[in-house]
Amino acid sequence: MSKVVFLLAPQLHLLDLAGPAQVFSSAAELGHSYEIHFVGEQESIRTAQGLELRAATAWPRLAVDDLVMVPGWSSRDPRERERGQPQDNGRLEQATLDRLTAHHAAGGTVASICAGADALGRAGLLDGRRCTTHHDLQEDLARRYPRATVLRDVLYVVDDRLITSAGIASGIDLALHLIAVRHGPYDAARVARAMVVYARRNGDEQQASAMLRHRAHLSDAVHRAQDLIDGGYTGPLALADLAAAVGVSERTLTRRFVAATGLTPLRYQQELRIEHAEHLIAQGGTAEAAARAVGFQDARMLRRLRAARSVASDAPAAGPAGHPAPVSPRARPVHSAGAAAK
């Protein structure tokens, strides 16, 4: 039985807590042995959304396989804002921070969501490590902890059993990642599907991603196809193989995909490649290196697709050159030599 201990600070954000907690609760319902604990420095914890929570003040005995998670908080109490008094309600006592340090030193895993990264920083756990937090807090985190390397615009970062996330919904991504590491991607997918969370985003995805923009539909077949493309968009994936994995014909998959997302499977894959390449370029990479990293043979196709996308941005169902993509039983592969820069 593994323990998952959530450390509750005053003014914590409900979704920072509830999302990851439900991931591990759902995993337990699927047969994995998880025991969830909620601890705090006082029994009554008022959330940023106004709900009062009850926490245990005594910590359970922790083992190496146990996980401690620190949900984020609002740094200012709304009851004090009107009086112009800044608050830092996330400040935890040194004894509590020492528990985080001791658990990590003993071989355990410590994770934070959103502003919870500040607690890890105060505990000294960010020194010499890569980390992230919510995009609104990144500059402040970097200023407070100059020995840490703060990665911008990523969902979560894993560094030596220390995991930090951007917060809010990305706390769910972090928790699903932990389920995948511990029990495999299939079980993580089962948990995600039970929670109706179809986009299981990787840590290096941007905090605002195409993977989310095209998930606002209820087609299970298309969600499953997107799962496959999301997990392998840098490599070749034939439409026939994709349709077979989903259990429908190529024509049916293409038709449903366009109806649900406004894109063909090929165009969806290209959107993911372009977006990730642009992210790599923004992080200081060259266009050539970024193109190869996302599966293009060189930067020429990347430049061509970026230009076509800007010209045809108001035609989401168009092909990469601005022409309607074919919908037929013999439709092109999702990734092919001529169409996707191989």
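Cysteine 114 lies in the loop between β6 and α4 (117-122), where helices (H or I, at least four residues) and strands (E, at least two) are DSSP runs numbered from the N terminus. The phi of cysteine 114 is near 55°, a positive value in a residue other than glycine, and this residue is buried, with a relative accessible area of 5%; buried means under 20% relative accessible area, exposed over 50%, and partly exposed in between, with a 1.4 Å probe and protein chains only. Arginine 161, in the loop between β9 and β10 (162-165), likewise has a positive phi, near 60°, in a residue other than glycine, but arginine 161 counts as partly exposed, at 30% relative accessibility.

The model is predicted, so that local features need pLDDT of at least 70 and side-chain atom pairs count only at pLDDT 80 or more, while totals for chains, interfaces and linings use all residues. Residues are numbered from 1 along each chain as its sequence is written, and side-chain values use heavy atoms, with hydrogens and water left out.

The protein chain has 14 helices and 10 strands, and buried residues make up 52% of its 342 residues. Of the contacts in the chain with a separation of 6 or more, 64% are accounted for by residues 24 or more positions apart, a contact being heavy atoms within 4.5 Å.

Turning to the helix pair, the axes of α6 (residues 170-183) and α7 (residues 185-194) come within 7 Å and cross at roughly 145°. Here Leu176, Ile179, Ala180 and His183 in α6 meet Pro185, Asp187, Ala188, Val191 and Ala192 in α7. The residues of this contact divide into seven nonpolar, one polar and one charged, where Ala, Val, Leu, Ile, Met, Phe, Trp, Tyr, Cys and Pro count as nonpolar, Asp, Glu, Lys and Arg as charged, and the others, Gly among them, as polar.

The largest nonpolar core has 32 residues, and those with the most contacts inside it are Leu8, Val23, Phe24, Met69 and Ile179; such a core is a set of buried Ala, Val, Leu, Ile, Met, Phe, Trp, Tyr and Cys residues joined through side-chain atoms within 4.5 Å. At least two residues of this core are supplied by each of β1, α1, β5, β6, α6 and α7, and its largest share, six residues, comes from α6. Apart from this core lies another, of 25 residues, among them Ala9, Trp73, Ala117 and Cys131.

Methods:
Axes fitted to C-alpha atoms, helices over the stretch in contact; angles between N-to-C directions.
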